[in-house]
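Colleague: I would like to learn how to read some features of a model. Please take them one at a time.

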Amino acid sequence: MRILGLGAFHRDAAAAVVVDGVAVAAAAEERFSREKHDASFPRRAARFCLGEAGVTARELDFVVFAEKPSRRFERLLADEMTSYPRSWKSFPKVLFPWLGDRLWVRGRICDELGVDPEKVLFVASQRARAANAFFGSPFEEAAVLVADEALEWAATTLARGRGSELEVLGEIHHPHSLGLLAATASERLGLGGAEGFGRLYALASSGKPTRAAEVAAAVRFAEDGSYELDVERLGEALGPAREAGGPLLWSGGDRTHADAAASAVRAIGDVLLHLARELHRRAASENLCFGGALASSAELNARLAAEGPFRRLFVPPAPSDAGAALGAALDVAHTLGKPRRAPLAHAFLGQSVSPGAPVSEGAAREVVERLAAALAAGKTVGWARGRFEWGARSLGNRSILASPLGKGVRERIGATVKRREDYLPLCCAVPAERAAEFFDVPAGTEGLAPFLHVAARARNGSAEAIPSVLQGDANARPQLVDRGTDPALHDLLVQFGERTGVPVLVSTSLNLRGDPIARGEADATAVFERSGLDLLAVEGELRERGG
Amino acid sequence: MPLLEFSRARAAWSDPERKLKTLESFARTEADGGRDIVLAQRIVVDPELRGHLERHAADELRHADLFHRRAAELRAQGVASTREEVSDKPYDLALSRGKLAASTDGHGFLRLALADELGEVGYVAMLHVAEKRAAKLFREHERYLADDPETRAIFVSILKDERYHVAYTGTLLQKWKKQGRGSEVKRALSLARGSRFFGAWKRLGARSASGLSRAILVVMYFTVLLPFGLLARGRKPKAGWVEPRAGGTVLERLRSQYG
């Protein structure tokens with residue numbers, strides 16, 4: 001059974017193709033349109049996915065859209081009516097795109113792809129996120145938690161997965177939403193729309209939850225395991241909104257904004273734990289699959305693993321909007337086709353950097369050797385190879401790498417390569433078998449670490465060795481690299497370790513601030529030209545600055 | 001320069017938030033242009049053109065960088081876009097510019113205008129017309145930046161490059177004319193101007209229709225929806241667990257846009 005999953009019209013439009021229950025290709029539209037968080041209809045991503053799967057649109061069994069558009073329209077309309085007549089300005093803005101386009105998405109899909117309307121299916125967005133989390137996981141059975149902003153009504157979903165079955169147990173509806181809580185905090189702190197969540201979590205690690213009590217007062221925990229959110233009270237609880245043009249206060253003596261972020265993130269964590277306990281009571285499993293925008297926080301995941309009732313935790317590479325496209329396809333594949341479960345072994349589901357140009361083993365080995373030498377000499381390198389990653393994180397195939405040794409690495413990458421704020425974290429890569437020497441990776445999160453979804457504390461002694469990858473209270477986001485999954489990156493880490501004694505590399509995405517991560521050779525070259533990278537490796541070819 | 005573009009240039013710098021958006025949008029446009037030209041310079045045959053394109057691509061990417069850096073400075077000063085109105089954006093991108101949205105570049109040209117599809121003459125003609133227009137626009141933007149010397153300096157620097165881009169593309173077109181390819185050059189220039197005009201015409205039509213539709217929606221809001229609004233006003237949203245919806249066969253549920 002060949003299924004194309006599509007997600008659009010919120011953030012991160014994406015497409016994915018699933019053949020007999022196996023994810024064959026998946027990509028976000030932004031990689032092709034070069035517009036960060038592109039939410040438009042993912043026609044370019046769909047074209048790529050179909051090409052990669054070797055399927056024409058007419059050969060598809062189903063096309064699945066990861067949302068129930070009429071339900072979302074109903075929710076938006078109800079929202080507007082609740083604040084009548086103050087909503088008169090927002091009403092035409094909100095309704096216009098729906099009446100003109102989105103309500104007729106079935107027709108749009110048929111027009112774009114030339115498929116029969118009978119083949120177009122719809123999966124609710126939260127169910128699609130749940131399916132993405134469960135069917136990609138290594139678990140045969142698991143409890144599933146989804147927490148995100150509401151698209152239709154549901155903002156939180158509890159579910160149970162077993163084999164090819166996914167059963168939704170309960171939902172909490174908008175506006176009682178953890179996504180809304182995070183969005184409100186991000187908005188008040190002026191952290192930007194779509195990128196706000198990541199910035200909020202990062203900012204939180206530089207602050208202390210000094211307003212936790214006030215924020216907690218805006219959340220009411222119910223005895224039935226649900227929660228209520230008082231958004232108006234929440235705004236006040238976070239303190240005064242940051243003014244446009246005002247500085248972001250996150251370091252030095254005044255950390256007002258970092259403290260507000262930490263307070264919001266603390267409250268989100270408290271609610272997640274409350275939900276996890278309720279889910280554990282209902283689903284009685286040792287495994288938790290976590291999806292939705294909140295699942296992209298490595299810090300929240302670490303807290304859920306450490307303090308929650310589940311023994312093992314899994315978060316898919318793209319847990320939110322983009323991932324819903326894959327989740328919707330997987331859900332239909334399992335509901336209608338009942339294939340054997342095929343856990344996601346890796347996240348390399350995107351387009352190859354140089355399609356049709358295989359690299360010889362010798363050339364690949366030479367690239368690794370030269371990169372290791374350059375990195376040991378303190379150079380910053382870009383590495384583009386193979387298929388790009390599914391999700392918002394670079395895992396070595398479209399990455400900027402640097403030595404973590406010594407001070408000033410973070411500042412150098414922030415100022416000359418990525419051009420971003422200092423409070424944003426730098427991830428790192430470490431061979432899986434040596435991770436324990438440097439980090440205390442929370443137990444039960446082995447499935448998350450390859451996708452950079454969990455924060456780990458630096459072990460005693462390693463904080464001095466690799467200060468540039470640590471944030472706040474000696475926390476890091478390590479990617480555990482398994483030799484079987486990614487031998488080239490594993491070799492690079494080992495060789496770098498042989499030269500320096502520390503097999504850890506700073507690893508961040510190959511892009512500049514505000515741009516999507518590089519897709520192909522042209523994007524990688526553009527990053528190289530515009531940044532302070534010393535070296536760029538594209539498959540078997542190396543380019544040196546000034547060379 | 002049409003009056004509309006004058007006022008758009010003025011509006012673009014009227015407050016810090018718009019300034020940030022404008023800078024980031026210019027950065028994207030220049031980066032896109034740079035990437036396209038990087039690809040083009042690899043496939044053109046004429047060595048003189050390839051040399052020019054190489055420099056042109058580097059210029060565009062540098063411009064993107066300048067805009068990026070300035071935007072980053074503004075962000076570091078705490079200027080931030082208010083929450084993105086994503087509800088609006090996809091529609092504009094996907095429909096108001098029609099199917100051209102996927103195939104137009106930053107200057108409003110059809111993306112078909114790539115070197116391999118247009119040929120060298122067509123591609124240079126397209127660049128020539130686009131760069132002339134960009135130079136005009138940038139000159140206009142620069143006029144409104146007297147109170148922001150840092151951003152103005154970026155435009156001054158970019159305008160120098162734009163003059164070079166217009167000059168080399170013009171020289172190449174002249175050279176080809178002299179080589180007896182006059183009609184080919186003329187046709188390419190007409191096509192380039194036409195594709196820009198066609199794109200602008202479609203966008204104008206879509207924007208007018210969009211304005212009218214929004215006005216109608218406001219009228220509906222205060223008439224048809226008035227009783228519903230009064231009934232729903234201030235209603236407390238339901239809290240607690242909600243059971244999942246059920247009913248119908250699996251396939252019926254999957255086919256429904258609602259249930």
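Colleague: Where does A:Pro85 lie?

Modeller: A:Pro85 lies in the loop that runs between α3 (69-82) and α4 (90-100) of chain A. Helices (H or I, at least four residues) and strands (E, at least two) are DSSP runs, numbered from the N terminus. A cis peptide bond, with omega about -5°, joins A:Tyr84 to A:Pro85. A:Pro175 lies in the loop between β8 (165-173) and α7 (178-188) of chain A.

Colleague: What conventions apply?

Modeller: This is a predicted model, in which local features need pLDDT of at least 70 and side-chain atom pairs count only at pLDDT 80 or more, while totals for chains, interfaces and linings use all residues. Residues are numbered from 1 along each chain as its sequence is written, chains are lettered from A and ligands numbered from 1 in the order in which they are written, and side-chain values use heavy atoms, with hydrogens and water left out.

Colleague: At what angle do α3(A) and α4(A) pack?

Modeller: Axes are lines fitted to C-alpha atoms, for helices over the stretch in contact, and angles run from 0 to 180 degrees between N-to-C directions. For α3(A) and α4(A) the angle is about 165°, and their axes are 10 Å apart. Angles under 35 degrees count as roughly parallel, over 145 as roughly antiparallel, 65 to 115 as roughly perpendicular and the rest as oblique. Therefore α3(A) and α4(A) are roughly antiparallel to each other. Their crossing is left-handed (the near helix is turned anticlockwise from the far one by less than a right angle; clockwise would be right-handed).

Colleague: Which residues make the contact of α3(A) and α4(A)?

Modeller: Contact means heavy atoms within 4.5 Å. The residues of α3(A) include A:Phe73, A:Leu76 and A:Leu77, and those of α4(A) include A:Phe91, A:Val94 and A:Trp98. By class, the contact of α3(A) with α4(A) has ten nonpolar, one polar and two charged residues. Here Ala, Val, Leu, Ile, Met, Phe, Trp, Tyr, Cys and Pro count as nonpolar, Asp, Glu, Lys and Arg as charged, and the others, Gly among them, as polar.

Colleague: How do α11(A) and α12(A) pack?

Modeller: Helix α11 (residues 256-283) and helix α12 (residues 298-307) of chain A pack at about 40°, with axes 10 Å apart. That angle makes α11(A) oblique to α12(A). The crossing of α11(A) and α12(A) is right-handed. Among the residues that meet are A:Arg266, A:Asp270 and A:Leu273 in α11(A), and A:Arg303 and A:Glu307 in α12(A). The residues of this contact divide into seven nonpolar, one polar and five charged.

Colleague: What does chain B contain?

Modeller: Chain B has eight helices and one strand, in the order α-α-α-α-α-α-α-β-α from the N terminus on. Buried residues make up 46% of the 259 residues in chain B.

Terms used
Buried means under 20% relative accessible area, exposed over 50%, partly exposed in between (1.4 Å probe, protein chains only).
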